[in-house]
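This briefing covers the sheet, the packing against it, and the side-chain pairs of one structure. The points are grouped by topic.

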Amino acid sequence: MGENIETTAEAAEAEVLPRCHEVHADPDSRARLGDVPGPMKQAAKSKSPAHWAYERLILYIQNFEKQLDSEHEVAMGFAGDNTGVLRIEGMGYFDPDIVTFYGSDATGSKTQLIQHVSQLSVMLRALPKPRKDGPAHRIGFRLAQDLDGSTDTVTEKT
């Protein structure tokens, strides 16, 4: 019997590494999260709550978009709120505990939601793309691409 003996350091590291577990009624479900990108494999304690929430939201958004057809884009509704639905056009965080979403509402009005991580509760939705003649926008891909080369700096418009 090959028992796996962990050192104290290995046990401590395993305790803070991110984990994800899902079970679906359909064993062939496409809703499962895929491989976790490299930056997300860092210990959770090395990131602020806002940074950690931001990265996980990217993973969920990108995974949701993979299930959409070419006629739909990702949007989000807010659980327990009558804010409505926001078509996701951008996302960010402000350490230590703020996540922000940029986009437009059902009328096309510019929208920004600023939310404390302790209040974070979103529902991803598929909305028909606003322009039938153009391609569906996939924000999840752009967000995930940014993870690999992200710079933790504040940017200013000049």
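Two strands count as paired if DSSP finds at least two bridges between them. In this predicted model, A75 stands opposite R87 in β2, and β1 and β2 pair in the antiparallel sense over 3 bridges. The two strands belong to an open sheet of 5 strands with antiparallel pairing, in the order β4-β3-β2-β1-β5.

**Sheet**

- β4 (110-116) and β5 (122-128) are the edge strands; each has a single partner strand, so one side of each lacks a neighbour in the sheet.
- From one strand to the next, the twist averages 40 degrees.
- β3 (residues 98-104) pairs with β4 over 7 bridges in the antiparallel sense, and F101 stands opposite L113 in β4.
- β1 and β5 run antiparallel and are joined by 7 bridges; the bridge partner of F78 in β5 is V122.
- Strand β1 is largely enclosed by the rest of the structure, because 6 of its 7 residues are buried.

**Helix packing and nonpolar core**

- Helix α2 (residues 49-66) packs on the sheet and touches β1 (72-78), β2 (85-94), β3 and β5. The direction of α2 makes about 145 degrees with that of β2.
- The largest nonpolar core holds 18 residues, of which I58, I88, M91 and F101 touch the most other members.
- Two or more residues of this core come from each of α2, β1, β2, β3 and α3 (139-148).
- Helix α2 gives the most to this core, with 5 residues.
- Leaving aside neighbours within four places in sequence, M91 is in contact with Y54, L57, I58, I61, T100, F101, Y102 and L143.

**Aromatic pair**

- The count of aromatic pairs comes to 1. The ring centres of Y54 and Y93 lie 5.0 Å apart with their planes at 50 degrees, so the pair is tilted.
- The pair links distant parts of the chain, with Y54 in helix α2 and Y93 in strand β2, 39 residues apart.
- Y54 is buried at 6% relative accessibility, whereas Y93 is partly exposed, with a relative accessible area of 23%.

- E55 is buried at 3% relative accessibility, and K47 is buried with a relative accessible area of 10%.
- At 7% relative accessibility K129 counts as buried, whereas E71 is partly exposed, with a relative accessible area of 34%.
- R87 counts as buried at 14% relative accessibility, and E73 counts as buried at 5%. R87 is also the residue in β2 that A75 stands opposite.

Key. Residues are numbered from 1 along each chain as its sequence is written. This is a predicted model: local features need pLDDT of at least 70, side-chain atom pairs count only at pLDDT 80 or more; totals for chains, interfaces and linings use all residues. Side-chain values use heavy atoms; hydrogens and water are left out. Helices (H or I, at least four residues) and strands (E, at least two) are DSSP runs, numbered from the N terminus. Axes are lines fitted to C-alpha atoms, for helices over the stretch in contact, and angles run from 0 to 180 degrees between N-to-C directions. Contact means heavy atoms within 4.5 Å. Rings of Phe, Tyr and Trp (its six-membered ring) pair if their centres lie within 6.5 Å; planes under 30 degrees apart count as stacked, over 60 as edge-to-face and the rest as tilted. Buried means under 20% relative accessible area, exposed over 50%, partly exposed in between (1.4 Å probe, protein chains only). A nonpolar core is a set of buried Ala, Val, Leu, Ile, Met, Phe, Trp, Tyr and Cys residues joined through side-chain atoms within 4.5 Å.
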